[in-house]
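Okay, everyone, thanks for coming. Let me put this one up on the screen and then talk you through a few spots.

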Amino acid sequence: MSEPNTTVADPTNTPPGGSSSSSSGTNPLKNALGGSAGRSLGLVVALGLLVAVGAITSGDRFLNVENWLTILRYASILGVVSIGVTFVITAGGIDLSVGSVLGLATVVASLTSVQLAATQSSWLLMVLVALAVGAGVGLLNGVVIAYGNVVAFIATLATLVGARGLAELISGRSTQIVTNRDFSKAMRGEFLGIPVLVWIFILAAAVGWFLLNRTTFGRRTVAIGGNREAARLAGIKVKRHLVALYVLSGLFAGIGAVMMLGRTTAGTSTHGLLLELDAIAAVVVGGTLLIGGRGTITGTVLGVLIFATLTNIFTQNNLDTSVQAIVKGTIIVVAVLLQQRFATKRPSKRGG
């Protein structure tokens with residue numbers, strides 16, 4: 001668990017006025033920039049540079065409001081899924097299944113029987129079905145990992161393959177069109193000129209930030225990622241908490257499925273393909289440690305916006321997607337190298 005970031009001044013070096021001198025060996029500005037604030041500032045600068053590149057290469061096409069709304073719509077689904085993944089990685093785990101879970105949830109929620117029942121009752125039924133599918137698969141992951149002692153990488157890799165196969169089997173590898181007009185209208189609407197999908201992303205980020213930084217649940221998540229055995233000895237029910245984390249990750253994937261259904265008005269097994277890789281990349285670039293012990297929702301949001309903006313710049317300039325993949329891969333490698341460099345210099349802390 002993170003400790004208060006306090007500085008104890010040496011009484012012998014304290015001037016008569018009561019303020020500690022610079023010889024105490026502390027530099028508040030340096031400490032702040034070396035922590036979560038500094039990491040977030042670096043991401044903001046990187047995002048600003050990307051915006052400058054977009055403005056130079058694409059001009060008004062990039063800077064107009066409609067294009068920014070397009071970037072935010074693209075970022076919203078990835079962002080919501082990435083927030084769930086942030087919790088898992090902060091605890092020292094990994095979830096490779098979120099993309100497939102999203103695809104499966106879109107298929108189940110858009111089944112003719114589900115849509116018919118939603119038409120007769122409320123479109124919210126489709127939402128509940130998608131969330132239930134996500135949480136259910138997350139529960140399966142959590143139980144297998146926590147109580148079956150299966151390595152998270154292997155367990156979620158198996159779920160990635162199994163969930164995608166189940167989605168193909170249920171849908172017959174065909175696209176299922178959303179015919180419920182109330183659902184489509186609600187998901188494709190706007191509030192204060194901002195798309196509903198973006199509002200969902202904002203709300204998910206706010207909830208995720210509060211949960212990680214202001215609750216016992218968040219502190220326990222960080223503690224488990226920092227040292228699982230020490231967390232157990234401290235009285236934390238580690239296995240139960242791990243199950244809860246994977247349920248949370250699946251739940252956020254289910255929310256992403258609802259958003260995907262709203263954006264595309266279709267459920268298909270191909271939805272969310274390779275989304276798990278983009279989510280993990282955004283989380284890592286955002287500053288969450290892959291080894292666990294430090295997580296940042298603010299960083300994840302900025303990481304998502306960086307990748308969304310980068311994708312938009314490539315699209316605006318008709319650049320090859322292969323080059324885009326190379327650039328993304330380079331960014332990820334640099335981020336991991338920086339993590340390894342700075343993780344060995346200071347203890348893990350909760351951030352953003």
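So, A46 counts as partly exposed because its relative accessibility is 30%; buried here means under 20% relative accessible area, exposed over 50%, partly exposed in between, with a 1.4 Å probe and protein chains only. A46 sits in helix α2, residues 36-58, where helices are DSSP runs of H or I, at least four residues, numbered from the N terminus. A46 and G303 are 257 residues apart in sequence, yet 9.7 Å apart in space, C-alpha to C-alpha.

Quick caveats: this is a predicted model, local features need pLDDT of at least 70, side-chain atom pairs count only at pLDDT 80 or more, and totals for chains, interfaces and linings use all residues. Residues are numbered from 1 along each chain as its sequence is written, and side-chain values use heavy atoms, with hydrogens and water left out.

On to charges. How many salt bridges are there? The count is 3, taking a side-chain nitrogen of Lys or Arg within 4 Å of a carboxyl oxygen of Asp or Glu. One of them joins E229 and R232 at 2.5 Å, N to O. Both residues lie in helix α12 (residues 228-233), 3 residues apart, about one turn of the helix. E229 is partly exposed because its relative accessibility is 40%, and R232 is partly exposed too, at 47%.

Then there's R173 with E168, closest N and O atoms 3.3 Å apart. R173 is exposed, at 67% relative accessibility, while E168 is partly exposed at 27%. And E66 meets R73 at 3.6 Å, N to O.

How values were computed:
Helix = DSSP H or I, 4+ residues; strand = E, 2+ residues; numbered from the N terminus.
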